[in-house]
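Hi there,

Here is the structure I promised to pass on. Have a look at it first, and my notes follow below.

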Amino acid sequence: MKEKSFFGKHKILTIVVGIVAILVLIGIGLFNNPPDALVEWVFKFAMDQSLGKNTFDDDALYAITTGTGGPLAEAGRAGPQTVVIAGDEVLVFDAGPGSTRQFTLSGISVGSVDALFLTHFHSDHIGDVGELMLQRWTSEGAAVPLPVYGPPGIDTVIEGFKHAYTLDKGYRVAHHGEEAMPSSGFGAEVHAFNLGSDLMSSETVYQNGDVEVIAFNVDHMPVFPAVGYRVNYKERGLVITGDTVYTESLVHHSMKADLLISEALNHEYSQMISDASTEKDNNLSIVAKDIKTYHIRPDEVGIVARDADVSYLLVTHILPPIPAKILKNGFLRDTKEIYKGDVYLANDGTMIKMPVGSDEITVHELLR
Ligand SMILES: [Zn+2]
Ligand SMILES: [Zn+2]
């Protein structure tokens with residue numbers, strides 16, 4: 001009897017290997033030289049994903065942290081920014097370096113921004129004001145400038161950004177025309193408010209339909225003024241601390257909020273960075289030591305959340321940068337010992353959704 005060959009004996013295996021080899025060759029071919037139709041489809045898919053995402057259609061109060069870092073660079077974290085979406089309103093709080101890109105990548109239309117609110121004028125909170133202002137104008141051809149709210153000093157900051165972007169404004173109008181980019185929409189319009197020096201003072205600085213924004217003083221001395229914000233929408237509310245040490249004002253203005261979005265500086269980690277940098281020929285050791293005097297500690301964040309009886313705590317403006325994932329849990333260890341509610345360490349693209357008519361609070365990651 002004639003003996004079967006190897007391929008005769010392993011017919012199915014041979015067919016499977018053959019099909020896999022053909023698919024791999026087709027895959028390599030497509031990868032190296034994709035046909036035009038495939039390229040077009042990929043671009044269309046990407047545009048639909050970035051521009052048409054309807055993540056915010058439900059009647060809810062949304063908060064998206066589009067920048068969760070502090071003044072020191074950390075991979076994956078832009079400078080501080082939180083976007084609040086309530087009904088038709090898109091309100092932006094601070095504009096840290098790189099935040100406009102994270103904003104856009106999160107699927108929010110930058111042309112839809114209704115107002116920007118600044119907490120104070122440290123560079124990590126204002127570095128992207130010019131970029132946000134310009135992108136909002138160019139993306140949908142805004143006819144009026146971006147309204148910007150903030151405490152005294154805001155005129156100086158906004159005038160500076162407008163001045164720096166004046167040449168670019170000229171290029172855009174000349175290149176794309178007044179119809180696509182009306183000159184009237186360039187820049188920002190300042191809405192300054194003055195809460196005085198009383199640490200407990202606050203004031204409604206923005207009201208539109210069901211949306212109310214209250215500014216309150218915080219303590220970021222020697223940086224003055226510095227404010228936090230509370231946003232109320234229908235029966236739901238959230239608080240953004242800005243930069244501050246522990247202060248009664250924070251507890252008072254956060255009372256019964258659904259969500260507290262707080263900055264935090266871990267003193268132990270900061271001390272370790274300071275110690276590890278003493279031999280380095282730069283200012284890192286001094287900065288890591290000094291910043292401890294004007295930021296709130298994780299245990300104090302827990303006290304605010306507990307005493308204000310908030311439902312959910314989101315920690316952002318992470319200081320110092322966390323160099324390894326293994327250290328993430330330790331960052332909030334002291335917070336969790338004090339506050340027994342839900343605590344979440346924010347990422348760029350973390351979205352908290354609070355539907356109207358319920359107590360529900362859900363967390364979603366838009367960039368992961
Ligand atoms: Zn800061
Ligand atoms: Zn600051």
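Which residues touch the most other members of the largest nonpolar core? They are Val 84, Leu 116 and Leu 259, in a core of 79 residues. By nonpolar core I mean a set of buried Ala, Val, Leu, Ile, Met, Phe, Trp, Tyr and Cys residues joined through C-beta atoms within 7 Å. Strand 12 (residues 312–319) gives the most to this core, with 6 residues.

Before going further, a word on the source: this is a predicted model, in which local features need pLDDT of at least 70 and side-chain atom pairs count only at pLDDT 80 or more, while totals for chains, interfaces and linings use all residues. Residues are numbered from 1 along each chain as its sequence is written, and chains are lettered from A and ligands numbered from 1 in the order in which they are written.

**Overall picture**

The protein has 14 helices and 15 strands; these are DSSP runs numbered from the N terminus (helices H or I with at least four residues, strands E with at least two). Its C-alpha trace spans about 100 × 55 × 55 Å along the principal axes. Of the 368 residues, 40% are buried. A residue is called buried if 20 or more other C-beta atoms lie within 10 Å of its own, exposed if 12 or fewer, and partly exposed in between, with C-beta atoms placed from the backbone. Among contacts between residues at least 6 apart in sequence, 66% join residues at least 24 apart; a contact here is a pair of such C-beta atoms within 7 Å.

An open sheet is formed by 7 strands in the order 7-8-9-10-11-12-13, with mixed pairing (two strands pair if DSSP finds at least two bridges between them). Strand 7 (202–208) and strand 13 (342–345) are at the edges with a single partner strand each, so one side of each has no neighbour in the sheet. On average, neighbouring strands are turned by 20 degrees against each other, direction ignored. Axes are lines fitted to C-alpha atoms, for helices over the stretch in contact, and angles run from 0 to 180 degrees between N-to-C directions.

Strand 7 pairs with strand 8 (residues 211–217) in the antiparallel sense over 6 bridges. The two form a hairpin with 2 residues between them, and Gly 209 in the turn has a positive phi of about 60 degrees.

Helix 12 packs on the sheet, touching strand 11 and strand 12, and its direction makes about 160 degrees with that of strand 11. Helix 12 (residues 298–307) has as its buried residues Pro 298, Glu 300, Val 301, Gly 302, Val 304 and Ala 305. Their cover includes helix 9 (248–254), strand 11 (259–265) and strand 12.

**Backbone details to check**

Two peptide bonds may interest you. Met 221 to Pro 222 is cis, with omega near 10 degrees, and Pro 222 lies in the loop between strand 8 and strand 9 (227–233). Leu 319 and Pro 320 are also joined by a cis bond, with omega about -5 degrees; Pro 320 is in the loop between strand 12 and helix 13.

Lys 256, in the loop between helix 9 and strand 11, has a positive phi of about 60 degrees although it is not a glycine. Lys 256 counts as exposed because it has 9 C-beta neighbours inside 10 Å. Asp 309, which follows helix 12, has a positive phi near 55 degrees.

Best wishes

Conventions
Two residues are in contact if their C-beta atoms, placed from the backbone, lie within 7 Å.
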